[in-house]
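Visitor: Could you take me closely through the charged side-chain pairs of this model, and then through the parts of the chain around them? I would like each term to come with its cut-offs.

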Amino acid sequence: MRILFDYRPALRQRTGVGEYVHETAKALVASLAPGDALTLFSSSWKDRLSPDAVPGAATIDRRIPVSLLNLAWHRLGWPPIDMLGAGDQDVVCSAHPLLIPARRAAQIVTIHDLDFLDAPERTSAEIRRDYGALAGAHARRADRVIAVSTHTAHDVETRLGVPASKISICRPGGPSWPRRDREPASGGCILFLGTLEPRKNLGVLLDAYAALLAQRRDAPPLVLAGRVPDEPGARALAARARQAPLAGHVELPGYVSDEDKRALFGRALVFVLPSHTEGFGITAVEAMTAGVPVIAANRGALPETVGSAGRLFAPDDASALLWAMTEVFDDAALRQRMSDDGWRHAQQFTWARTASAVREACRLAIEHRATRHD
């Protein structure tokens, strides 16, 4: 089986989708059978795909602006990936909800969530232009749709009209980190990790944290780790974090490397993910793998991902988040129980299982391609 993977989301600083692409590609290489091959595709005007980005995978790197290629692919269905040096592929996997044109290969789209339908104002201009108008038709035309959670699969079926029989659930995995030995004795923090974008609902976290500071001036610092996009909402959020009463209590380290991420989880007393919606929530699994208690919003796939191991709250209720944080801080036995339960729960999420599910999705896509006529 010859698989082509769209590697573009992992080309630079990897957020959730990029992490999914990169780690799935690594696990696929490790699971290749004799005669199988994985090829990574990228296009960018300035950023180059390293030939050893994923050892064992071939690479195709085209100096084409990604915005220009996406416009041609999404709106014209051209050029087919075959014309860009892909050679003979059995299946082409898009990392997003829109198809990569291909003449002969089966086509897969990957859907992480449908936030682009629910709140287009929270997305980029390109996503607003194309996803809402095209995602449903592309998903129905695809030979297979990959969804990253049961929640997302249900949305794809009910809202995009894709038969459940054509959807494969391929959940992300967790890191291979060892569980930390103990929680920090001093210097601990409340941690959020992710892009500082509107979907992450960080305003409610700042509201709850300001209330926590009003109750206890010795509250641990809040760390908002992640890229700050150059857009008004993110800039306003960062500005608020630097003003009273939050000034000096909120840290904004920006995008963090894998090594720095591990250090942050080692420092965290609790991890908070207050998102309006998540298609899965990789960072929650990372926290549980490290043994960090998790407080998460009860929306999207987060109840599915966190299970009963964490504390859930309504994302529009800052007082509920404040109560959850206070409960966890004040009860050492609860923190230990959440740490134990979270670590056990996280063991079900492995990238080897992701790769196995993706390989099966590819096989089914190839079978479907063989039965249809263009």
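Guide: What follows is a walk through the salt bridges, then the loops, a helix pair and a strand residue.

The model is predicted, so it should be read with its limits in mind: local features need a pLDDT of at least 70, side-chain atom pairs count only at pLDDT 80 or more, and totals for chains, interfaces and linings use all residues. Residues are numbered from 1 along each chain as its sequence is written, and side-chain values use heavy atoms, with hydrogens and water left out.

Side chains of opposite charge can pair when their charged atoms come close. A salt bridge here is a side-chain nitrogen of Lys or Arg within 4 Å of a carboxyl oxygen of Asp or Glu, and by this rule the count comes to 31 salt bridges.

One of these pairs is E278 with K200, whose closest N and O atoms are 2.6 Å apart. E278 lies in the loop between β11 (268-273) and α9 (282-290), while K200 lies in the loop between β8 and α6 (202-215), so the pair ties together parts that are 78 residues apart in sequence. The names of these elements follow DSSP runs numbered from the N terminus, with helices as H or I runs of at least four residues and strands as E runs of at least two. Burial is judged by relative accessible area (buried under 20%, exposed over 50%, partly exposed in between, with a 1.4 Å probe and protein chains only). E278 counts as buried because its relative accessibility is 7%, and K200 counts as buried because its value is 9%.

A second pair is R240 with D207, whose side chains meet in a salt bridge at 2.6 Å from N to O. This pair also links distant parts of the chain, since R240 belongs to helix α7 (residues 232-241) and D207 to helix α6, 33 residues apart. R240 is partly exposed, with a relative accessible area of 31%, and D207 counts as partly exposed at 37% relative accessibility.

Salt bridges that share partners also join R14, E19, D258, K261 and E286 into one network. Within that group, the side chains of R14 and E19 meet at 3.3 Å, N to O. R14 counts as partly exposed because its relative accessibility is 21%, whereas E19, at 9%, counts as buried.

The loop that holds K200 also holds N201, which is found between β8 and α6. N201 has a positive phi of about 60° although it is not a glycine, and this residue counts as buried because its relative accessibility is 9%.

Two cis peptide bonds also deserve a look. A cis bond joins W78 and P79, with omega about 0°, and P79 is found in the loop between α2 and β4. The bond from A244 to P245 is cis as well, with omega near 5°, and P245 sits in the loop between α7 and β10 (250-254).

Helix α2 itself packs against another helix. Two packed helices are described by the angle between their axes and the distance between the axes. The axes of α2 and helix α4 (residues 125-141) come within 11 Å and cross at roughly 35°; axes are lines fitted to C-alpha atoms, for helices over the stretch in contact, and angles run from 0 to 180 degrees between N-to-C directions. The contact (heavy atoms within 4.5 Å) is made by S67, N70, L71, H74 and R75 of α2 and by E126, R129, D130, Y131, A133, L134 and H138 of α4.

Leaving aside neighbours within four places in sequence, D61 is in contact with S42, D47, R48 and L49. The C-alpha atoms of D61 and L40, 21 residues apart along the chain, are separated by 8.4 Å.
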